[in-house]
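Here are a few friendly notes to read alongside the model.

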Amino acid sequence: MAEPPERDPFPEFRLDSDAGATFVLESKGKWWHAGFHLTTAIVGPTILTLPYAFRGLGWGLGFLCLTVLGCVTFYSYYLMSKVLEHCEKAGRRHIRFRELAADVLGSGWMFYFVIFIQTAINTGVGIGAILLAGECLKIMYENLSPNGSLKLYEFIAMVTVVMIVLSQLPSFHSLRHINFASLLCLVYTFLMVGACINAGLSKNAPPRDYSLEPSGSSRVFSAFTSISIIAAIFGNGILPEIQATLAPPATGKMVKGLLMCYTVALLTFYSAAVSGYWVFGNNSNSNILKSLMPDEGPSLAPTIVLGLAVVFVLLQLLAIGLVYSQVAYEIMEKQSADVKQGMFSKRNLILRLILRSLYVIFCGFMAAMLPFFGDISGVVGAIGFIPLDFILPMLLYNMTYKPSRSTLTYWINLSIIIVFTGVGIMGSFSSIRKLVLDANKFKLFSSDVVD
């Protein structure tokens with residue numbers, strides 16, 4: 001095994017002089033805290049989009065892609081955790097994805113490439129979380145008050161105000177109790193599954209059609225868009241930041257956290273995908289709750305059940321928005337905070353209030369102006385999560401441990417890199433194509449989310 005270089009490639013980012021790290025990252029967590037963070041980052045209300053993703057794949061390919069992407073991401077996160085542990089044992093503990101990539105690959109441009117990808121992911125997730133939360137509120141409002149006058153952007157504004165307040169929590173570690181709400185995904189998933197089964201067996205059950213698009217080219221584009229959405233659902237672009245919250249030594253703790261996270265994912269992803277797609281087929285909406293409460297005709301599930309599901313979805317969406325925004329906060333506060341004055345100095349507290357509020361307001365504005373939830377998920381998956389979670393970890397492991405070309409590990413990693421590079425390119429093209437096509441269906445600040 002080759003020894004990594006002993007130099008400190010980024011002395012300006014040392015923990016003892018890094019105000020951003022002081023503000024955001026604290027190494028006090030247990031393995032179950034990492035499990036909460038991972039579950040929040042991966043197993044979120046985006047699972048409500050899984051039936052919609054199956055719409056472009058069908059039963060067989062849908063199950064295959066869901067299983068393959070789940071296995072690849074678990075393997076990927078395990079390898080990245082091993083690389084982080086290796087660097088820490090060599091005296092170079094990394095608390096950021098971008099610094100890990102730049103250190104191992106020895107390239108300055110990689111540092112800024114990862115910053116770009118992480119920023120795209122975090123901003124996309126922030127926009128998507130606020131948009132989905134606003135849409136869920138609107139769905140319940142319209143069910144309780146069909147003739148109400150409130151619009152989608154007004155609900156988005158309400159969510160944005162709540163996010164501004166919660167964004168003032170000082171550190172990633174301080175989110176551990178809020179991220180315990182990540183386990184609520186079990187509750188709203190089973191509520192949704194029960195509602196879908198009830199809808200499928202009721203006299204008002206919608207007609208089922210599982211056929212794919214007739215055009216061969218459209219079918220290919222839809223398939224790659226769906227794969228990109230599933231990649232976004234499994235994606236976690238902040239694993240090094242999560243591992244940095246663990247009290248040292250981190251050896252073995254991330255594996256336990258991953259096992260906890262993927263146990264929850266196994267229970268929720270398959271049940272949500274199967275039940276939703278079984279009932280609605282290729283008419284599945286990008287938010288399955290909207291399919292259960294159609295614009296025309298009676299509601300397909302009891303209001304109390306969907307109301308409870310919406311409450312639990314909202315709680316976890318707030319947690320997800322907070323988790324993914326931490327990297328953006330860390331970048332902003334590293335550049336602007338004065339560590340000599342102390343984390344809780346008046347200047348730094350005011351600065352944190354302003355910067356975080358502006359970031360949340362930007363995400364809320366974009367969510368209100370461009371309500372494309374399914375399309376946003378596809379673009380973020382293809383451009384952000386596939387490079388960061390399906391390609392870079394394999395490359396980092398091969399560069400760090402340098403497995404022999406005669407080993408199975410080397411060829412598995414190389415194969416994943418090649419396959420998902422192609423998937424990412426095709427997924428980016430198909431997702432952006434769909435976004436452009438859907439642009440003809442909406443107007444700015446529309447009161448409906450475009451599928």
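**Notes on the fold**

1. Among contacts (heavy atoms within 4.5 Å) in the protein chain between residues at least 6 apart in sequence, 84% join residues at least 24 apart. Please keep in mind that this is a predicted model, where local features need pLDDT of at least 70, side-chain atom pairs count only at pLDDT 80 or more, and totals for chains, interfaces and linings use all residues. Residues are numbered from 1 along each chain as its sequence is written, and side-chain values use heavy atoms, with hydrogens and water left out.

2. The protein chain holds 16 helices and zero strands; these are DSSP runs numbered from the N terminus, helices being H or I with at least four residues and strands E with at least two.

3. Of the 451 residues in the protein chain, 59% are buried (under 20% relative accessible area, 1.4 Å probe, protein chains only). Cys65 counts as buried at 8% relative accessibility, and Cys136 is buried at 0%.

4. How many disulfides does the rule give? With a pair of cysteine sulfur atoms required to lie within 2.5 Å, the count is zero.

5. Helix H8 covers residues 184-201, 18 residues in all, and its first and last C-alpha are 26 Å apart, close to the 26 Å expected at 1.5 Å a residue (1.5 Å times one less than the number of residues). Its buried residues include Leu184, Tyr188, Met192, Cys196 and Gly200. Down the axis of H8, the buried residues fall within an arc of 165 degrees, so they line one face of the helix; the arc is taken over directions from the helix axis to the C-beta atoms.

How values were computed. Buried means under 20% relative accessible area, exposed over 50%, partly exposed in between (1.4 Å probe, protein chains only).
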